[in-house]
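Dear colleague,

Here is the structure for your files. My notes on what turned up in it follow below.

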Amino acid sequence: MELYIFRHGKTVWNAARRIQGSVDIELTDEGREMAAQTSKAIKDIHFDAIYASPLKRAYETACILKGDRDLEVIRDDRIKELNFGVLEGTSFDNIQSSDCDKRFSVFFTRPELYERPPKGESLEELCARAADFIEDIRQKHHDDERIMIVAHGAVNKAMLKHIRGLEMKDLWYGQLQKNCAAAIVSMNEQGFKVIEESKTYVSKA
């Protein structure tokens, strides 16, 4: 089985480095153009199924990437982005500053120590639903199938964490995905191989 795990196109909050999480932010025109360029680049790649986060920025990206394929884009709540609770809308720079509550400032540096913000979700919960999704995909689809998944930065890393069998401290192992980039993974009963960590198909990503 081959997985193409895409991150959604660019949004206004991406450009401003604001934490989106569960907030349903739409793509910008640039984000839609990135998705359209990517769609053209992958038009000759066969896919057997397409799954997407139900959040607008991911679902719309998936619909654009689908192109002319006669496939339904299947929404799945398990691959929604991490709910950052009260941190949503704030700057990523803020949570990495010395003034931020230490429970949250370790998000990228010591994810195993990150604590759920008020009204938010823990990384353990995120990783559990990402793992459940991947195992469901493995059960539903055959080894010779290729699956497109369109979701978000943190949940995509959670899926890769499960695929690689990593500990929480290694959640951010490897490259961070750019907008509309794909992590390409080959999986079978014998194991997996990460073919590409963050493959981009557009000049500006």
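**Notes on the model**

N156 is located in helix α7, which covers residues 153–164 (helices are DSSP runs of H or I with at least four residues, numbered from the N terminus). This is a predicted model, in which local features need pLDDT of at least 70 and side-chain atom pairs count only at pLDDT 80 or more, while totals for chains, interfaces and linings use all residues. Residues are numbered from 1 along each chain as its sequence is written, and side-chain values use heavy atoms, with hydrogens and water left out.

With a relative accessible area of 0%, N156 is buried (under 20%; exposed is over 50% and partly exposed in between, with a 1.4 Å probe and protein chains only). Its side chain makes a polar contact with the side chain of Q177 at 2.8 Å (N or O atoms within 3.5 Å, one able to donate a hydrogen and the other to accept it; residues adjacent in sequence count only if both atoms are side-chain atoms).

As for aromatic rings, a search of the whole structure gives 9 pairs (Phe, Tyr or Trp rings, the six-membered one for Trp, with centres within 6.5 Å; planes under 30 degrees apart are stacked, over 60 edge-to-face, the rest tilted). F107 and Y114 have ring centres 4.9 Å apart and planes at 65°, so they are edge-to-face. Both residues, F107 and Y114, are buried. One aromatic cluster is formed by F84, F107, F108, Y114 and W172.

The charged end of R75 sits over the ring of Y59, 3.7 Å from its centre (NZ of Lys or CZ of Arg within 6 Å of the ring centre and within 35 degrees of the ring normal). K199 lies over the face of Y201, 5.2 Å from the ring centre.

Regards

Technical notes:
Helix = DSSP H or I, 4+ residues; strand = E, 2+ residues; numbered from the N terminus.
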